[in-house]
Amino acid sequence: MTDDLVVMLTALNEEYKAVHARLTGTEVLKHSRGTRFEVGTIRGTSCRVALSLTGKGTQPAAVLAERAIQHFSPVALIFVGVAGALWDTPLGDVVVATHVYAYHGATSEDDGLKARPRVWETAHELSQLAQHVARTGRWARDVLPGTEVHFGAIAAGEVVHNSRLSAERRWIREHFNDALAIEMEAAGVAQAGHLNGAPIAIVRGISDPADGSKTTEADRKWQPTAAANAAAFAVQLARDLIKEQEPSAMDDTTESNDSGTARNIGFGQIGIQAHTVTGSTVQQNNSPSGDGPVDFGTALAELRADVSQEHSFGRLDDATYQAARSELDIADEALEATTREGKQKFVLALKRLGGLLGDLAGPAAKIAALIVAAKGLS
């Protein structure tokens, strides 16, 4: 997981611009299949966002969501945009999905159309954080007073709804009467997140009542407002998500037990200095994965992917990137040798690689663990 990056996707350019306006230092990153992401930081923070445009509809949203998850391994993916209201949700307000209905799942029988929807719930931890963001009100510093956040179901399908009387609207009201908003992408994004094990948030600003009163003139007013309000909430949610990934004093904890003594738990390098130490267990594990013998070939492949990603994000200049790849090539070649000289060559290549990547905490930690593991080989 890339613990300082959130992916944001939008369907429309108006929505894209609303998110982009809250980013700085953006650079274009082109996926090998042509998808363009703009990677930047949220203004005033070091939190990174990878932003891309999916276009309308469930299918393109699903494909690009999976592509983004596979490429970036983000903390979460947030789909940001506008939606039509159900049950008179006020224009400009924000709806955050607690769950998503793919409402087009159904079976047609002699006595009518029977709903067979798919449903995806928002991950509990992400839902809890979104509720917290709404309560604090920090997200609403640059939106109109009185703008509210609602939590509930969002219905997603492939139809633009603009009627209160149509057969489709009556069917949705009958089968999905708890949905607060209706749109066209969330089901695909939710499915992509489910298949890839990635947390997904759907954040929508209400731009029209979806009741037949939608007009071009109203869209000019409410689409930018709704998109901006959704972007404001999504960006604050992203900031808090990334902040929660940062190490804190809670990571190395001291727990009290019934005897009134303390049990110290730490991860990484630990120094113990005391007059007397009793009832303590110290475990040392030199495996980078922590669960058995090291697969050096797989570890090198992961490092190579890390190096490529750091270069694509602009954190490695071209010269350092090429030097790092050369050291990885040397390490790969040395790994095939079974001699003592081969082992020494492997370790030296890792040490040089560590020197090149010393400013990048994640790769540097992996390299250090690999060196320790390699030195332990017979």
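Angles under 35 degrees count as roughly parallel, over 145 as roughly antiparallel, 65 to 115 as roughly perpendicular and the rest as oblique. The views below show a predicted model, in which local features need pLDDT of at least 70 and side-chain atom pairs count only at pLDDT 80 or more, while totals for chains, interfaces and linings use all residues. Residues are numbered from 1 along each chain as its sequence is written, and side-chain values use heavy atoms, with hydrogens and water left out.

**View 1. Crossing of helices α8 and α9.** The axes of α8 (residues 318-335) and α9 (residues 340-356) come within 8 Å and cross at roughly 160°; the two helices are therefore roughly antiparallel. Axes are lines fitted to C-alpha atoms, for helices over the stretch in contact, and angles run from 0 to 180 degrees between N-to-C directions. Helices (H or I, at least four residues) and strands (E, at least two) are DSSP runs, numbered from the N terminus. The crossing is left-handed (the near helix is turned anticlockwise from the far one by less than a right angle; clockwise gives right-handed). Residues in contact (heavy atoms within 4.5 Å) include Ala-324, Leu-328 and Ala-331 of α8 and Phe-346, Ala-349 and Leu-353 of α9. By class, this contact has 11 nonpolar, two polar and four charged residues (Ala, Val, Leu, Ile, Met, Phe, Trp, Tyr, Cys and Pro count as nonpolar, Asp, Glu, Lys and Arg as charged, and the others, Gly among them, as polar).

**View 2. Crossing of helices α3 and α6.** Helix α3 (residues 124-136) and helix α6 (residues 216-243) have axes that come within 10 Å and cross at roughly 120°, and are therefore oblique to each other. The crossing is right-handed. Among the residues in contact are Leu-126, Leu-129 and Val-133 of α3, with Phe-233, Leu-237 and Leu-241 of α6. The contact comprises eight nonpolar, two polar and one charged residues.

**View 3. Crossing of helices α1 and α6.** The axes of α1 (residues 13-20) and α6 come within 8 Å and cross at roughly 45°, which makes α1 oblique to α6. This crossing is right-handed. Glu-14, Glu-15, Ala-18 and Val-19 in α1 meet Gln-223, Pro-224, Ala-227, Ala-228 and Ala-231 in α6. Six of these residues are nonpolar, one is polar and two are charged.

**View 4. The second largest pocket.** A pocket is an open set of points on a 1 Å grid over the protein atoms alone, where a 1.4 Å probe fits, with protein on both sides within 12 Å along at least five of seven lines; lining residues have an atom within 4 Å of a point. The second largest pocket holds about 570 Å³ of space. Of its 20 lining residues, Met-1, Asp-3, Glu-310, Gly-362 and Pro-363 are the closest to the centre. Elements giving two or more residues to the lining are α2 (58-72), α7 (296-312) and α10 (361-375), and α10 provides the largest share, five residues. The lining has six nonpolar, six polar and eight charged residues. Grid points are joined across faces, edges and corners, and the volume is the space filled by probe spheres set on the points.
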